[in-house]
Protein chains: 2
Amino acid sequence: MPATLFKILNYNVIKMIKYPDGTTYKNTNNKLISLRNNHANRGMSFEDAINKTNEYYIKSNIALIYKRPTPIKIIRMDRYNTSKITEAYFAEKSTTDYNGIYKSKYIDFEAKSTISKTSFPLNNISTHQIKHLEKVLSLGGIAFFLIELKSIHEVYLLFADFIVNFYKSNKRKSIPFSEIKKNGYLIKEGYLPRYNYLKVLDDLHLTKQ
Amino acid sequence: MPATLFKILNYNVIKMIKYPDGTTYKNTNNKLISLRNNHANRGMSFEDAINKTNEYYIKSNIALIYKRPTPIKIIRMDRYNTSKITEAYFAEKSTTDYNGIYKSKYIDFEAKSTISKTSFPLNNISTHQIKHLEKVLSLGGIAFFLIELKSIHEVYLLFADFIVNFYKSNKRKSIPFSEIKKNGYLIKEGYLPRYNYLKVLDDLHLTKQ
């Protein structure tokens, strides 16, 4: 089957890109060719789609939400070039991936993706992150998870209190799709923004003063 | 004169540490010896004192404020160890140093230190940061600078709108101490927290719902 052609605006890609979800892209005359046969949106990694959504929010002055960089532990610097790091390791993140501000409210969330066909495995979430989210909630922030169920091409927003309770109840090691659908909010896929997750907060009147 | 002995709680130091302010410490039997003759608080770098203050806020469930890691651009990974980075560079930060939540409010600030005896040089602040702070303000967040005037051992909180206006008026390349004292709020130095800067927000009733 032929590869699908599509364009992504403001996307700087040189040569070849391999996303964590396994999709590979090739750059040809400023057009991106997906080397897998799936449509444009699905080809992009979930994290990348969320980053694009946040870029859109920032450019449109809707919200200011950034991805926290993965902490890196620096071991060694170059002897002669003080800006060059020659040995470093990824460190464990003790917080969530994203935080920022929307309509005066503090926003804090984690984006996760699963290829499972039945449930979302809780080992995707660390105890540090659960503690962090509990603190956010106790201080009056809005905290949630965005979960991509790849097998059925759906994305849900689940509020942190639900996930925290499920995690702490310790009854199951994963959240069944039925529970996600019952307690979560489906985020429909769009073009720009790709996943308009902040709309859920508006719909629920969480951002009213 | 003899070196001053002091302890810092929860402080992991091995061998020798040189802070950006030029102070050097040596670790001896879990005690830190300042190799310069100044008292404990002044010996610690300003950034470190703010980090300690934030740790105190987090542990006491008062606020959740983190330092954003300096972004690092990774160029090369180890061939055989996928968690080992073998070439990387510091990238320019386009936001402020700190953000988080306090009493449901989104907090965003930058901590700066100057050795000048008369004024705070504006070249310490990037245009990116000014733009970032303007966005925070437009979205209803609380944004400010914490500025340490090392020469007179004083720390001031200055709200972002004042700094942004001063920066954009382009009349001067630095903010005179007299202006800082007139428009800023003095943060007295304590033991724990070292710089209780959130008190200013309470005193001004900025955190009331």
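User: Is B:Thr53 buried or exposed?

Analyst: This is a predicted model, where local features need pLDDT of at least 70, side-chain atom pairs count only at pLDDT 80 or more, and totals for chains, interfaces and linings use all residues. Residues are numbered from 1 along each chain as written, chains are lettered from A and ligands numbered from 1 in written order, and side-chain values use heavy atoms, without hydrogens and water. Buried means under 20% relative accessible area, exposed over 50%, and partly exposed in between (1.4 Å probe, protein chains only). B:Thr53 has 0% relative accessibility, so this residue counts as buried.

User: Which residues is B:Thr53 in contact with, leaving aside neighbours within four places in sequence?

Analyst: Contact means heavy atoms within 4.5 Å. With those neighbours left aside, the partners of B:Thr53 are B:Pro193, B:Arg194, B:Tyr195 and B:Tyr197.

User: How many residues does chain B bring to the contact with chain A?

Analyst: Let's look at both sides. Of the interface residues of chain B, 100% are also interface residues in chain A, so the copies meet through the same surface. Chain A gives 34 residues, and chain B gives 34 residues.

User: How many salt bridges are there between chain B and chain A?

Analyst: A salt bridge needs a side-chain nitrogen of Lys or Arg within 4 Å of a carboxyl oxygen of Asp or Glu. Between chain B and chain A, the count is zero.
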